[in-house]
Amino acid sequence: MTDQPHPDAFARAGTTGVFNADAKARFALCYPETAHVLTHRLLQHPLLELEALALLGEQLPEKSLEYNRGDLPIGIRPEDVPKTGLTIGETIRKIDSANSWCVLKNIEQIPAYRDLLMTLLGELEDVTRVTTGEMLRPEGFIFVSSPGSMTPYHFDPEHNILLQLRGWKTMTVFPAGDPRFAAPEAHEAYHSGGGPRNLPWDDALAAHGTDHRLEPGEAIFVPVMAPHYVRNGDRPSISLSITWRSEWSYAETDAHAMNSVLRKYGLKPSPPRRYPVNNLLKSFSYRALRKLGLD
């Protein structure tokens, strides 16, 4: 097994808290429905240096790696994304010139990175617990991007904070739950297991997104299923995404899946409502169908 930095590197780095009081107050004000920028103090961490990330990529299983060309359009189907021919280690070590984009998924599989993830989430748990409840299924993702690379238009089912560590990028975020930006059928296909995260793009949508430029030391909270795309700046970029689920997010997932079932019977169900509505009726109904094998 490839050596990784010691699990207590976070403490040895001298970081006493990544999110200060002002950042936590802003998070509390906006969570869970409003995208917003926070400050953080997670810079120059040994687990997040380029060589450490290359070693991490070489240690993770293939299913936890995604890497491809970086010069993509805003809207593209996953099956159409071109590869580069580089290995994950080569991609990360040569990120300055590789014209690539890569993500290391589920870094919590490696103990040192799980410790880092849980430390970061633990700083925010007092806020999330009183709104969406316990933090469930914590996961971490690291993005390493060449200058000018693009993460296409998509949505994600998790509560997500993206911390910018090196370089800069602009994330354009659209309101969650608005069918203009992600049709109900796209949600239903995704949550019933048959659809991609990537969404169809129309240039007419661009005027409705909000641009958030992220420099090192800044982070952005992205609400559950808020459509967004990311354009990297003119320097190589490293970002860390810390995510979690909640009972509210799982209920929304089940409600979309239940709507998919209803649509098969010719009905036109109303989409799930956003927080603080909990969508429990459809959620419980879908869970019952799933137990009976009728989903």
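Gln-44 sits in the loop between β1 and α3 (50–59); helices (H or I, at least four residues) and strands (E, at least two) are DSSP runs, numbered from the N terminus. Phi of Gln-44 is near 60 degrees, a positive value in a residue other than glycine. Most residues other than glycine have a negative phi, and most peptide bonds are trans. The model is a predicted one, in which local features need pLDDT of at least 70 and side-chain atom pairs count only at pLDDT 80 or more, while totals for chains, interfaces and linings use all residues. Residues are numbered from 1 along each chain as its sequence is written, and side-chain values use heavy atoms, with hydrogens and water left out.

Two cis peptide bonds turn up in loops. Tyr-31 and Pro-32 are joined by one, with omega about 5 degrees, and Pro-32 falls in the loop between α2 (21–30) and β1 (36–39). Another cis bond links Tyr-275 to Pro-276, with omega about 15 degrees; Pro-276 belongs to the loop between α8 and α9.

As for those two helices, the axes of α8 (residues 247–264) and α9 (residues 280–291) come within 7 Å and cross at roughly 65 degrees. Axes here are lines fitted to C-alpha atoms, for helices over the stretch in contact, and angles run from 0 to 180 degrees between N-to-C directions. Helices α8 and α9 are therefore roughly perpendicular to each other (under 35 degrees counts as roughly parallel, over 145 as roughly antiparallel, 65 to 115 as roughly perpendicular and the rest as oblique). The contact (heavy atoms within 4.5 Å) draws on residues including Tyr-250, Asp-254 and Met-258 of α8 and Leu-280, Tyr-286 and Arg-290 of α9. By class, this α8–α9 contact has 9 nonpolar, 3 polar and 5 charged residues, where Ala, Val, Leu, Ile, Met, Phe, Trp, Tyr, Cys and Pro count as nonpolar, Asp, Glu, Lys and Arg as charged, and the others, Gly among them, as polar.

Helix α8 also packs against α7 (residues 184–191), at an angle of about 105 degrees with the axes 8 Å apart. This pair, α7 and α8, is therefore roughly perpendicular too. Among the residues in contact are His-187, Glu-188 and His-191 of α7, along with His-256, Asn-259 and Arg-263 of α8.
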